[in-house]
Amino acid sequence: MPPATLRTRTGCFPCRKRRKKCDETHPHCSACIRNSLDCKWPSEDNQLPDGRSRHSRGTKAIMRAVASSGVSLTQLPPLIMMPAPFSSSECTYLYRYFASTILPRFVQRNSVDKTYMLRLAPQFPPLFGAMVAVAGMQLPTKDRWPAHLALQSYLHAIHAIQMSLTDITKAGCDDRILATVSLLACFEAYAIPTVAPHVKAAGLLLTQRRPCEYRTKAAATFDRICVESFLYQACLMMIFDPSLDALPEDRKQLGLPLYFDKPTSPASASEQTILQASYKFFLLIADVTKLSRLSRPLDSAEVTKWRSLDCELSRWSHLICSADMSLALCYLSLQILLQKVNPQITSSLRIQRVYSCLAGGLHRVPALEIDIYPPIYLLWPVAILGAVAVRLEEREVVRDVIASISAAKLGGHAAWVQKRLDRIWTAVSPAPEEPQVSLVGLQLLLDQG
């Protein structure tokens, strides 16, 4: 018996995928001609993972590491033939990585069913591409192919989704389109220093739909995921992008109480899918951010608004004692923003109150569990603390936590926020040892768009 031989590593993609011997005739092998297949060949940029290679062993190790958490891969629907560039085995792998690791990290574990969005993807290439894009940017590897494929999939998903948005009324009722736009915004939050276009698109789609009584529990949870994802991105990114300031005026069109407050909803209000607190707390973040952007004295209507927001924030004072350090940080950061425009106190008292919040926040920063939160949620309060910090040791605490977020590959916004803070710190010189804060630095953060 002749010795066993390994399959060729240099055959065309269709033959390798079908596990058939390839005669390696260029540009079209005999098997592809016979079966009317598109004969494509590997290059340095599109090599398939090989089972005997170091790359594949690393990939399998990653899969073993994540297999114990999140959605079981056996729950996923079988993938149909996807159009290019989503038909490669790398795309399938990243889709499964998204299902087993990214989605469970994105959506809280106590939410009911995370598979609804996954089951939509094989039917809709733009959604599949958006999942591949998010997973490719988050894959913990030094190889360049995941990021390259992520950007390629992102661009194809954008091009493909444009054809589906010609009728916004119909598009708002299509779960696949809403899921795609939401994930494109998530990709941008990780990879590109702007999320406004697709966050606004998600908001527009949400104004065209309402939760339906007849939807299944899994579909109702999907609605909540998309609504909460929109609020998450829009409210927290307002501080970095003033173009999102229109959110407070648009909220009535979203019908948020129908998703969160209605007791007959299949997804009850106790089943938070993404938000760490009530949606009303995130709407408060949006309102306070918009008001604090003002650099002039408040007029009478704005003073009334400030008092209303201050009263509302007082109802969340229990968060300062929360075991969840991230919620305590958000509360302290909201206090900093409100005190910046407080019309009822002197400048010296304002500085004292802001410094007290800064000291409390910096004390909690080292205890943050950065691996369990999305980057924007952590960077929002950290950026505010960094903007008012003037002592070198205080700034180093902020720099260290941002570096930790960046090192954990939690998104490109970490480096982007650090660059903003570096510009602020250059403009605002370090102060001497006595307690001090910089409201000028905070105004610079709020002004930068």
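The crossing of H14 and H16 is left-handed, meaning that the near helix is turned anticlockwise from the far one by less than a right angle. This is a predicted model, in which local features need pLDDT of at least 70, side-chain atom pairs count only at pLDDT 80 or more, and totals for chains, interfaces and linings use all residues. Residues are numbered from 1 along each chain as its sequence is written, and side-chain values use heavy atoms, without hydrogens and water.

H14 spans residues 279–292 and H16 residues 325–340. Their axes lie 9 Å apart, at an angle of about 30 degrees. H14 is therefore roughly parallel to H16 (angles under 35 degrees). Contact means heavy atoms within 4.5 Å. On H14 the contact residues are Phe 281, Leu 284, Ile 285, Val 288, Thr 289 and Ser 292. H16 supplies Cys 330, Tyr 331, Leu 334, Leu 337, Leu 338 and Lys 340. By class, nine residues are nonpolar, two polar and one charged.

Now take H18 (residues 375–388) and H21 (residues 439–447). Their axes come within 6 Å and cross at roughly 135 degrees. Ala 383, Ile 384, Ala 387 and Val 388 of H18 meet Gly 441, Leu 442 and Leu 445 of H21. This contact has six nonpolar residues, one polar and no charged ones.

Last, the cysteines. The count of disulfides (cysteine sulfur atoms within 2.5 Å) comes to zero. For Cys 15, the nearest cysteine sulfur, that of Cys 12, is 3.5 Å away. Cys 15 counts as buried (under 20% relative accessible area) because its relative accessibility is 1%. Cys 357 is also buried, at 10%.

Definitions and conventions
Axes are lines fitted to C-alpha atoms, for helices over the stretch in contact, and angles run from 0 to 180 degrees between N-to-C directions. Helices (H or I, at least four residues) and strands (E, at least two) are DSSP runs, numbered from the N terminus. Ala, Val, Leu, Ile, Met, Phe, Trp, Tyr, Cys and Pro count as nonpolar, Asp, Glu, Lys and Arg as charged, and the others, Gly among them, as polar. Buried means under 20% relative accessible area, exposed over 50%, partly exposed in between (1.4 Å probe, protein chains only). Angles under 35 degrees count as roughly parallel, over 145 as roughly antiparallel, 65 to 115 as roughly perpendicular and the rest as oblique.
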